[in-house]
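Please read these notes with the structure open beside them. They are arranged by topic and may be taken one at a time.

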Amino acid sequence: MNSLVQQGNTLIRKVTLEGFGVPAQLLPNLTIPETDGVNVYTEKSKDKNKIVKGELIGQTEIKITYLFHKSGRVTLPE
């Protein structure tokens, strides 16, 4: 993602990982790389498991907040 931002702005990104036949607790952890001019804060993931048509589906949601401490064009990792 490439955007023009103002100092002090925040962006909240929610990432959802799903695995079929895998419990949420075994899904991989995300590594969020540092980005120049941005502080990155990651909340504890929210895990849940469900059974759909006899199949286990693990799901984890991760909320990431980006705080921009300088104005300008910023490219965030995918």
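1. Some terms come first. A residue is called buried when its relative accessible area is under 20%, exposed when that area is over 50%, and partly exposed in between. P33 has a relative accessible area of 40%, so P33 counts as partly exposed. Keep in mind throughout that the model is predicted.

2. P33 sits in the loop between strand 2 (10-20) and strand 3. Leaving aside residues up to four places away in sequence, P33 touches V40 and P77. Its C-alpha atom is separated by 23 Å from that of G19, and P33 and G19 are 14 residues apart along the chain.

3. Which residues make up the largest nonpolar core? There are nine in all: V5, V38, V40, I62, I64, Y66, F68, V74 and L76. Strand 3 (38-42) and strand 5 (55-68) each supply at least two residues of this core. Strand 5 gives the most, with four residues. V40, one of the residues of this core, is also one of the residues that P33 touches.

4. T65 lies in strand 5. Is T65 buried or exposed? Its relative accessible area is 19%, and the cut-off for buried is under 20%, so T65 is buried. Not counting residues up to four places away in sequence, T65 touches T10, L11, I12, N39, V40 and Y41.

5. How many salt bridges does a search of the whole structure find? The search finds two. In one of them K70 pairs with D36, and the closest N and O atoms are 3.0 Å apart. This pair links distant parts of the chain, as K70 is in the loop between strand 5 and strand 6 and D36 is in the loop between strand 2 and strand 3, 34 residues apart. K70 is partly exposed, at 42% relative accessibility, whereas D36 is exposed, with a relative accessible area of 64%.

6. E43 forms a salt bridge with K63, and here the closest N and O atoms are 3.7 Å apart. This pair also links distant parts of the chain: E43 belongs to the loop between strand 3 and strand 4 (46-52), K63 belongs to strand 5, and 20 residues separate them. E43 is partly exposed, at 39% relative accessibility. K63 is partly exposed too, with a relative accessible area of 33%.

7. Next, the largest pocket. Its volume is about 160 Å³. The lining is made up of A24, Q25, L27, P28, N29, L30, T42, E43, S45, D47, T60 and I62. By type, the lining residues divide into five nonpolar, five polar and two charged.

8. The last point concerns R73, which lies in strand 6 (residues 72-75). Its relative accessible area is 57%, and the cut-off for exposed is over 50%, so R73 is exposed. The C-alpha atoms of R73 and G37 are separated by 9.8 Å, and these residues are 36 apart along the chain.

Terms used
Residues are numbered from 1 along each chain as its sequence is written. This is a predicted model: local features need pLDDT of at least 70, side-chain atom pairs count only at pLDDT 80 or more; totals for chains, interfaces and linings use all residues. Side-chain values use heavy atoms; hydrogens and water are left out. Buried means under 20% relative accessible area, exposed over 50%, partly exposed in between (1.4 Å probe, protein chains only). On a 1 Å grid over the protein atoms alone, a cavity is a set of points where a 1.4 Å probe fits but cannot get out, and a pocket is an open set with protein on both sides within 12 Å along at least five of seven lines; lining residues have an atom within 4 Å of a point. Grid points are joined across faces, edges and corners, and a volume is the space filled by probe spheres set on the points. Ala, Val, Leu, Ile, Met, Phe, Trp, Tyr, Cys and Pro count as nonpolar, Asp, Glu, Lys and Arg as charged, and the others, Gly among them, as polar. A nonpolar core is a set of buried Ala, Val, Leu, Ile, Met, Phe, Trp, Tyr and Cys residues joined through side-chain atoms within 4.5 Å. Contact means heavy atoms within 4.5 Å. A salt bridge is a side-chain nitrogen of Lys or Arg within 4 Å of a carboxyl oxygen of Asp or Glu.
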